[in-house]
Amino acid sequence: MSIFGNHQQAVMRRALLGAVAAATPAFGQRGRRGTSAEAENEALSAPKDDAERRILGVIEEMTSGGGTYLSVPISDGKMLRILTESCMAKRVVEVGTSTGYSGLFFALALSRTGGRLTTHELNEGRAATARANFAKAGVSQLVTLVQGDAHETTKNVKGPVDVIFLDADKEGYVHYLKTLLPALRPGGLLLAHNTGMVPDYLSAVRANPALDTVIYSGGGGLSVTLKKL
Ligand SMILES: C[S@@+](CC[C@H](N)C(=O)[O-])C[C@H]1O[C@@H](n2cnc3c(N)ncnc32)[C@H](O)[C@@H]1O
């Protein structure tokens, strides 16, 4: 038991931290440390084998060659891969394919888990580009691209789905939630991008006691919602 009261302990702790900060040049430089962590998060991982090298090669080419369109930053792409692979997902549904960038991060995971991605895109040109990117990355056999209005096409999604990723029209997220949540298996993950733009969606998931949500704000704002077992 301390001979000091709580207040005295707090004062001493602050004084000690101040002394350490003065003696250690790097201490307290959150900005610099933060920047290097961010830079690491935005770096692609090293390929484990040739299949992964091929997928990462297309991601790299799209990143540097302007082949993305409103796509997730690399840090969020890595989160998509990590979450998908760690729950051994077999069935992933994405709403908002764009040119296939986030889909390729899912493909990194699904090529390990033996799973498949079904991805929905309204725009014909971007859907065609995505198909070409999937082919170039050697993952066409893992992906079904559904071209059309996802408010209609997602009505045909049958469960059980392990991971759902919402990244299309922001005003549609609540509708996608209503349509797709029944297909998500208990223990599955509902991911939504640009959460800063969808307060009504966040209110809806937070109000549902069958769900538990946390927001990863390192990249573009990614909410991670668990459908409880
Ligand atoms: C933010 S981008 C998706 C980015 C993609 N997930 C990525 O990271 O590469 C949004 C995409 O959703 C598509 N979209 C918008 N409304 C849609 C709808 N009702 N049905 C299907 N796709 C839609 C847009 O055409 C656009 O390509």
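Predicted model: local features only at pLDDT ≥ 70, side-chain atom pairs only at ≥ 80, totals over all residues.
## What sits around the ligand

Residue numbers start from 1 along each chain as its sequence is written.

The ligand is surrounded by 20 residues, the closest being Ser 71, Gly 96, Tyr 101, Ser 102 and Ala 150 (a residue is near a molecule if its C-beta atom, placed from the backbone, lies within 6 Å of it). At least two shell residues each come from α5 (101-113), β2 (116-121) and α7 (150-153). These labels follow DSSP runs numbered from the N terminus: helices are H or I with at least four residues, strands are E with at least two.

## The sheet

Seven strands make an open sheet with mixed pairing, in the order β3-β2-β1-β4-β5-β7-β6; two strands pair if DSSP finds at least two bridges between them. At the edges stand β3 (143-147) and β6 (211-216), each with a single partner strand, so one side of each has no neighbour in the sheet. On average, neighbouring strands are turned by 15° against each other, direction ignored.

β2 and β3 pair in the parallel sense over 5 bridges, and Leu 117 stands opposite Val 143 in β3. α5 packs on this sheet, touching β1 (91-95), β2, β3 and β4 (161-166), and its direction makes about 170° with that of β2. Axes are lines fitted to C-alpha atoms, for helices over the stretch in contact, and angles run from 0 to 180 degrees between N-to-C directions.

## The nonpolar core

The largest nonpolar core has 50 residues, and Leu 104, Ala 107, Val 163, Ile 164 and Leu 191 have the most contacts inside it. α5 gives the largest share of this core, 8 residues. Such a core is a set of buried Ala, Val, Leu, Ile, Met, Phe, Trp, Tyr and Cys residues joined through C-beta atoms within 7 Å; buried means 20 or more other C-beta atoms within 10 Å of a residue's own, exposed 12 or fewer, and partly exposed in between, with C-beta atoms placed from the backbone.

## A look at Gly 148

Gly 148 is found in the loop between β3 and α7. With 13 other C-beta atoms within 10 Å, Gly 148 is partly exposed.

Key. Contact = placed C-beta atoms within 7 Å.
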